[in-house]
Every structure is written in C-alpha cells, then in structure tokens.
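Hi,

Here is the structure I said I would pass on.

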Amino acid sequence: SLFVIASSGELKYRDDVETAKAALAELGAEAVPRLVEKLTTPDARERLTVIRIIKQIGVTAVPHLRKSLTRLKNPLQLKRICWALGDLQEQGVSAIPELSASTLHQDWQVREYALRALGKVFDSVSDSATADERSAVVDALGESFSDSIGQVRKSAVWAAGASRISELLPELIASLDDSYYGARMN
C-alpha cells in the first residue's frame, strides 16, 4: 500500500507521496526484493519511483541488486536494475563484476543499460578504483565497441569518455568512423 501511494499521481495522495517514498526507503534492504519485482511495470511513474527509492536506500540495496542481475531472466527488469545501479554511482561500485557480465547479455538493451551504469559507477570512483575494477570495466567497454547494435556501441563510447579511461583512446578515435551516428557523436 505504501508503494501505491508513493507512485500515485492521484490528487488525493498528493500530500502523502513523499512520505510514502521516505517510509519505503527507511525499510532499507528489506524493501528491495519487492521493489525489484515492481521493475516489470509498464508504468513510467512506478518505474521512476522504484529507481528513486532504491537510490534513497543506497548501498544496502546493492547486494540484492547484484544477485538479481545474475538470477533474473526478464530483460526489462535487468536493464532497470542496471539503471538503478548507475544512479547509485559510487555506492554501486561492488556491482562492477555483475554489470561487466551484463554487457554480454543476449538482449541489446540490457547491454546498453549495463554500459551506461558502468560509466556512471566507474566515473564516480575512477581515481580510487582497484586494478581489478579498472580491468573489468576496460574489458567490458573494449568488447562493446564492436557490438553489432549501434546503440550499444554508443553507450560504450559514452561510458569510456565519462570514465576517462585512457587505454580505450584508440577505440574512441576509431568510433569517429562508426556507422552509427550516436557512437560518432558521443
């Protein structure tokens, strides 16, 4: 019932929306499994509410999100989990291995969102990242520059630029000749 109020656009709940979001965030990790279930919603307001609540929960949401990336099969949920992890930025750094693995997913949108998340997470910790974290990100991005889907390549280019990863400079330069304008523009 808290989620119904938190994601409502009805006038009668207008004054209770933020209170309901805060109450769900206070539940912390306990609320995350149900929030992940709600990521299958076709409703944009509900989707954004879930992602914003996960962001408020913060680092305690990450363990369940990491498990969900490896266990769930629904591409819609997976790409939205990646979105949420990207919004967590430095709090999502422990999910780099799962996000890197998701860049190889069979669904191109999952790959695209995983790359975006890697760019946001790694950008926020690039100066303090471990060698393993850096290596995982470099490998994932490097492979994605040759993806068959232009939007995935665009996200790889964006993530490499946002992360300021000098090892990927040759791939970035080569992307200036990419057949997809989004990759060239980024």
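A quick definition before the details: a salt bridge here is a side-chain nitrogen of Lys or Arg within 4 Å of a carboxyl oxygen of Asp or Glu. Keep in mind that this is a predicted model.

The whole structure has 11 salt bridges. One of them joins Arg164 to Asp123, with the closest N and O atoms 2.6 Å apart. Arg164 sits in the loop between helix 10 and helix 11, while Asp123 belongs to helix 8, so this pair ties together parts that are 41 residues apart in sequence. Arg164 is exposed, at 52% relative accessible area, and Asp123 is partly exposed, at 31%.

Arg153 and Asp178 also pair up, at 2.7 Å between the closest N and O atoms. Here helix 10 is tied to the loop between helix 11 and helix 12, across 25 residues of sequence. Arg153 is buried at 9% relative accessibility, and Asp178 is buried too, at 11%. Glu112, Arg116 and Lys154 form a network of salt bridges.

Now for the pockets. The largest pocket holds about 170 Å³ of space. Helix 1 gives the most to its lining, with 3 residues, and by class the lining has 7 nonpolar, 1 polar and 2 charged residues. Arg34 is one of the lining residues, and Arg34 also forms a salt bridge with Glu37, about one helical turn away in helix 3.

Last, the surface: Leu169, Ile173 and Leu176 make a nonpolar patch of about 310 Å². Leu176 lies in the loop between helix 11 and helix 12 and is exposed at 55% relative accessibility.

Cheers

Methods
Residues numbered from 1 in each chain as written. Predicted model: local features only at pLDDT ≥ 70, side-chain atom pairs only at ≥ 80, totals over all residues. Heavy atoms only, no water. Patch = residues over 30% accessible without salt bridge, like charges linked within 9 Å, V, L, I, M, F, W, Y side chains within 5 Å. Areas by Shrake-Rupley, 256 points an atom, 1.4 Å probe, with all protein chains shown as cover. Helix = DSSP H or I, 4+ residues; strand = E, 2+ residues; numbered from the N terminus. Buried < 20%, exposed > 50% of the residue type's maximum accessible area, 1.4 Å probe, protein only. 1 Å grid on protein atoms, 1.4 Å probe; cavity = no way out; pocket = protein on both sides within 12 Å on 5 of 7 lines; lining within 4 Å. Points joined across faces, edges and corners; volume = space filled by probe spheres on them. Nonpolar A, V, L, I, M, F, W, Y, C, P; charged D, E, K, R; others polar.
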